[in-house]
Amino acid sequence: MFNFNKLNCTLLATTLTLSAGYASAAAFQLVEVSTSGLGRAYAGDAAMAEDASVVATNPALMSLFNRPVVSVGGMYIRPNVDLDGKINSVNGTPVSAYSAYGVSSDASHKNIAPSAFIPNLYYVHPINEKFSVGGGANVNYGLKTEFDKNYSAGVFAGTTELTTVNFNISGAYRLNDNWSFGLGLNAVYADALIERHMGIRGTLANLSPQTRPLGLSESTVAARLEGKEWGFGWNAGVVYEFNERNRIGISYRSHVDIDFKGDFSNQLPTVIGGTAGAVIPGELTLNLPAYWEIAGYHRLTDKLAVSYSYKETLWSRFKELRAVGANNKELFQKDEKFNNASRIALGVSYDFTEQFTLRTGVAYDESPSQKHQSISIPDADRTWLSLGATYRFTPDLSVDIGYAHLIASSSTFTETENGVSATFKPKSTADVYGLNLNYRF
């Protein structure tokens, strides 16, 4: 009934394909670097100098501070991701052929993405009128999805967790009244845990006298990989100030390669190429993309300001996932075929009083996987609607609050893994809440 010769490698390939959980930007990228930015949908990030989060957005902006400043807080992301799905066939045989045995074609699942908290911490310290330094930590890529162990389409999706924490040290230099430059070094710590189950393949195995003795079921672990590794990169930025009320900024962050050397295992019997619970080493390089942003900030009146930005993430280098084992033997190769993706945003800020500022913003986030969709990355174009505020308790102490509602477009696609063909239609929205405290010394 089944061809198990390539089962282990195919499931391993599916295991290491990432899925979009609490990621709120395209694919598994996170843009939640600050609460002040959240309130304007991160419009104008490369040109805004509201708090110490400039360490993560454009280091050149550190030159605009004349006193040390610290910012600490985080974002709470509450996604609502449901999946309508139907298994069409297995090895070319319609699933309806097995209905008499109680086998269902339903592959739908509710609430596949749990909520998550994304913290941040930044500090900027001016050395003199020309030179400033700073540092910070924030989560720049992340996802988490959870499917039931008995999910019928377990070959496509199970439990997926990925978190990357970016540690940054930066410096900025003011060349003159108009130009400032910044440069930073980044150390990225990545933690991944991914697990897949047999799904309908395990159920159908019990219908055959030849494979029934293997003891496979929907919940049988078909692949499990976990690993923790470091990667390194850099970022740079430039700011041009026309005057105190108008400036533009350009920022760039390099790609980072995470060379995972993880532990792989499954519950498949050794007679079909499984590890039977034994752990074996596997290596895979995850290519996190570079991106650049151009942004503007303009204070139109003493109270009203606008900001805008265009961001391009170079996802095109994420073309495949390839894992190797001992002696550089290829375990699998899976095409991803991502395309570069853009993000545009527009924000407005209004100072009602010296103590209170209100913000709002809108953004459109393009998906890099529209031409090669997968349940393992149920990504889509997203629209941001944001609102936020700052309240200054004193001239030195302030608090930022922010909220954004994200709406993802919906589309239907069909994919095939290990002989299983299924059609899916993900539906998702998300709410993001932010809170940051800022203090000037």
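Guide: The lining of the largest pocket has 18 charged, 12 polar and 12 nonpolar residues. In this scheme Asp, Glu, Lys and Arg are charged; Ala, Val, Leu, Ile, Met, Phe, Trp, Tyr, Cys and Pro are nonpolar; and the others, Gly among them, are polar. The model is predicted: local features need pLDDT of at least 70 and side-chain atom pairs pLDDT 80 or more, while totals for chains, interfaces and linings use all residues. Residues are numbered from 1 along each chain as its sequence is written, and side-chain values use heavy atoms, without hydrogens or water.

The pocket itself has a volume of about 1,300 Å³. Its 42 lining residues include Ala-49, Glu-50, Arg-299, Arg-392 and Arg-440, which lie nearest the centre. Two or more lining residues come from each of β4 (131-146), β11 (291-299), β15 (341-351), β16 (356-365), β17 (382-392), β18 (397-408) and β20 (420-440). Strands here are DSSP runs of E with at least two residues, helices are runs of H or I with at least four, and both are numbered from the N terminus.

Pockets and cavities are found on a 1 Å grid over the protein atoms alone: a cavity is a set of points where a 1.4 Å probe fits but cannot get out, whereas a pocket is an open set with protein on both sides within 12 Å along at least five of seven lines. Lining residues have an atom within 4 Å of a point. Grid points are joined across faces, edges and corners, and the volume is the space filled by probe spheres set on them.

Ser-421 lies in β20 and is buried, at 14% relative accessible area. Buried means under 20%, exposed over 50%, and partly exposed in between, with a 1.4 Å probe and protein chains only. Not counting residues up to four places away in sequence, Ser-421 touches Lys-86, Ile-87, Asn-88, Ser-89, Thr-414, Glu-415 and Thr-416; a contact means heavy atoms within 4.5 Å.

Ser-409 sits in the loop between β18 and β19 (413-417). Ser-409 counts as partly exposed, with 37% relative accessibility. Beyond its neighbours within four places in sequence, Ser-409 is in contact with Ala-380 and Asp-381. From Ser-409 to Lys-427, 18 residues apart along the chain, the C-alpha separation is 7.6 Å.

The largest share, three residues, comes from β4. By class, the cavity lining has seven nonpolar, seven polar and five charged residues.

Some loop residues are also worth a look. Asn-91, in the loop between β1 (69-90) and β2 (93-94), has a positive phi of about 55° although it is not a glycine. Asn-91 is partly exposed at 39% relative accessible area. Asn-111, in the loop between β2 and β3 (116-126), also has a positive phi, near 50°. Asn-111 counts as exposed, at 53% relative accessibility.

For the setting, the protein chain has four helices and 20 strands, and 57% of its 441 residues count as buried. Among its contacts with a separation of 6 or more, 71% join residues 24 or more positions apart.

Finally, confidence, given as pLDDT on a scale from 0 to 100 for each residue. The mean over the protein chain is 86, and 89% of residues reach 70 or more. Residues 1-23 have pLDDT below 50, yet this stretch has 103 contacts in the model beyond near neighbours in sequence. Where pLDDT is low, the predicted coordinates should not be read in detail.

Terms used:
pLDDT is the predictor's confidence in each residue, from 0 to 100.
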